[in-house]
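Thanks for making time this morning. I have one structure to show, and I will go through a few local points in it.

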Amino acid sequence: MTAGEIAAALDGAIDDWYETQRTETGVNRNVMTVGLIMCEHMSAHFPLDEAQWFSGSQVRLLGGSRINKILARHGEERPLASEGGRTSRGSQELARGFQAAVNSSTAADAFAAIDPDVRAEIIETLQAAMVDRIQVDFFDKQRLRIEYRSHEPTSTVIRQLLDAASVRGGNATGAVAQHVVGAALCLHYPDTEVDNHSYTTADEQTGRIGDFVVYDAAFHVTTAPGEALLRKCVQNLSLDVFPIVLTLRDRIAAAEGLAGNFDIADLISVRDVAEFVADAVDIPARHQRHQMATHLRELLDTYNARVAAAEPDPSLQVEIPDNLR
């Protein structure tokens, strides 16, 4: 068997073991940490032998620090846990199940006989696959996390939220930007109904002329301004509607340049989305720190309620920092 074939066969056995642990609520973190650490043991001794990985009271190596180092080695900087569950009897049983799965794999004999350097490469492949599972089954299902520090401007908190979404990949940043702007508009215009659509709902499906329309203004929220957006702005102007483009701060120049290409640079407003949202907190609070914290909590609660109502993915909601509770 080639190294690739060995890795694929072993990963298939590990995946079968992993999926056997899945319940209606998902996969327990102990399954994830045990999977990562048992791969470590495979690099030192194989076939796996309980006498090698179990000390009599705990699964050897199964600690939070080592787990997080493995994650970081594969590009995942978010901590999985402070403790890996070394003394849990459940972890021991999981490790036994892992051992049975890989030791009985069709690639077991080939893996045991392979060159140590190639074995190390296969272990890296197996752990990378486990990290992928952890990202899908744990990190991507956690609420977005931010920190609140009263000495920092509100816009910094909003950028934290957008950055946390960007780590998820896909369209998470765009979805978060849209919903946090919607929440800000609710605070800006408390007596006005602000539409709430799923991020994937196209404007054409609803007949919208912007992501949000409030009085005579059409708000366009985008992380990547392009010509299609500017054509919408031209359409807004033809309807005597004022276009306001809200984008990431490093995309403002691009949006303004495109507006110049369409000869509407002086007819539209292009703003940093974080600064726009921050205004909904800072201005009503009159820039008083204790009031800003209260209004920020209101913004985040409104954001969560709007996400819950419009999106099937609850992980787009934000975890409210303890010092804002």
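First, the ground rules. This is a predicted model, where local features need pLDDT of at least 70 and side-chain atom pairs count only at pLDDT 80 or more, while totals for chains, interfaces and linings use all residues. Residues are numbered from 1 along each chain as its sequence is written, and side-chain values use heavy atoms, with hydrogens and water left out.

Start with Gln 127, which sits in helix α7, residues 116-137. Helices here are DSSP runs of H or I with at least four residues, strands are runs of E with at least two, and both are numbered from the N terminus. Is Gln 127 buried or exposed? Its relative accessibility is 0%, so Gln 127 counts as buried. The cut-offs are under 20% relative accessible area for buried, over 50% for exposed, and partly exposed in between, with a 1.4 Å probe and protein chains only.

What does Gln 127 touch, beyond its neighbours within four places in sequence? The list is Leu 36, Cys 39, Glu 40, Ile 70, Arg 73 and His 74, with contact meaning heavy atoms within 4.5 Å. For Leu 36, the backbone oxygen is 3.0 Å from a polar atom of the Gln 127 side chain.

Next, the helix pair. Two packed helices are described by the angle between their axes and the distance between the axes. For α9 (residues 172-188) and α14 (residues 289-310), the axes come within 8 Å and cross at roughly 125°. Axes are lines fitted to C-alpha atoms, for helices over the stretch in contact, and angles run from 0 to 180 degrees between N-to-C directions. The two helices are therefore oblique to each other: under 35 degrees would be roughly parallel, over 145 roughly antiparallel, 65 to 115 roughly perpendicular, and the rest is oblique. Residues meeting there include Val 176 and His 179 from α9, and His 295 and Glu 298 from α14.

Now the loops. The peptide bond from Phe 46 to Pro 47 is cis, with omega near 5°. Pro 47 belongs to the loop between α2 (29-44) and α3 (50-53).

Leu 61 is not a glycine, yet has a positive phi of about 75°. This residue is in the loop between α3 and α4 (64-73), and is partly exposed at 34% relative accessible area.

Asp 263, also not a glycine, has a positive phi of about 60°. Its loop runs between α12 (252-261) and β5 (269-272), and at 66% relative accessibility Asp 263 counts as exposed.

Definitions and conventions: Polar contact = N/O pair within 3.5 Å; in protein donor to acceptor, adjacent residues only side chain to side chain.
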